[in-house]
Amino acid sequence: MNKDTAEKLYEAFYMKVFSYVMTLTKDQNDAMEITQETFFRAMTTDKAFRGESESYTWLCAIAKNLFIDDKRRSSRFTEEEDVERPDTKKDIEKELTDKDSSFRIHRILHTLEEPYKEVFQLRVFGELSFNEIGSIFGKTETWARVTYHRARLKIKERMEENEI
């Protein structure tokens with residue numbers, strides 16, 4: 001990848017990729033590190049971008065794989081150390097108006113099964129389109145829409161049941 005293309009890619013998508021990674025990591029430092037590594041890999045990899053998807057989707061796929069790799073590595077150490085990391089992402093709660101409802105939604109979201117949890121987070125916190133979400137999962141836009149709406153229904157049902 002030439003320098004001009006790399007710069008344009010970085011400028012156009014850095015904040016969007018960073019926001020996506022924040023929805024995964026919930027930690028600003030980890031998100032910054034993974035985002036930087038994502039662009040480094042995209043610019044230096046032998047496998048060039050083939051144009052089969054959007055550039056942003058391609059970058060998110062790289063970021064997701066790096067996140068998964070990082071989780072696998074850290075899980076080995078976490079089991080040994082059993083140290084709890086503080087949550088540094090508090091500004092999401094500031095954006096939500098009702099803190100009590102927000103807390104209940106986050107607790108329900110924490111217990112929500114995959115892929116509902118990740119699709120909901122990508123849509124709400126990552127502000128991704130259904131097409132982009134579908135591409136990340138290797139599914140269709142319709143699949144992403146249905147999964148998101150089912151996640152919303154599950155959250156609503158659990159809130160009405162006062163489950164959490």
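Biologist: With which residue does K64 form a salt bridge?

Modeller: This is a predicted model, in which local features need pLDDT of at least 70, side-chain atom pairs count only at pLDDT 80 or more, and totals for chains, interfaces and linings use all residues. Residues are numbered from 1 along each chain as its sequence is written, and side-chain values use heavy atoms, with hydrogens and water left out. A salt bridge is a side-chain nitrogen of Lys or Arg within 4 Å of a carboxyl oxygen of Asp or Glu. The closest N and O atoms are 3.7 Å apart in the pair that K64 forms with E118.

Biologist: Which helices does the pair of K64 and E118 link?

Modeller: Helices (H or I, at least four residues) are DSSP runs numbered from the N terminus. The two residues are 54 residues apart, in distant parts of the chain. K64 lies in helix α3 (residues 55-81) and E118 in helix α6 (residues 116-124).

Biologist: Are K64 and E118 buried or exposed?

Modeller: Buried means under 20% relative accessible area, exposed over 50%, and partly exposed in between (1.4 Å probe, protein chains only). By this scale, both K64 and E118 are buried.

Biologist: Why does E132 count as buried?

Modeller: E132 forms a salt bridge with K16, and this pair joins helix α7 (residues 130-137) to helix α1 (residues 3-25). K16 counts as partly exposed at 37% relative accessibility. E132 counts as buried because its relative accessibility is 17%.

Biologist: Where do D69 and R72 lie?

Modeller: D69 forms a salt bridge with R72. They are three residues apart, about one turn of the helix, and both lie in helix α3.
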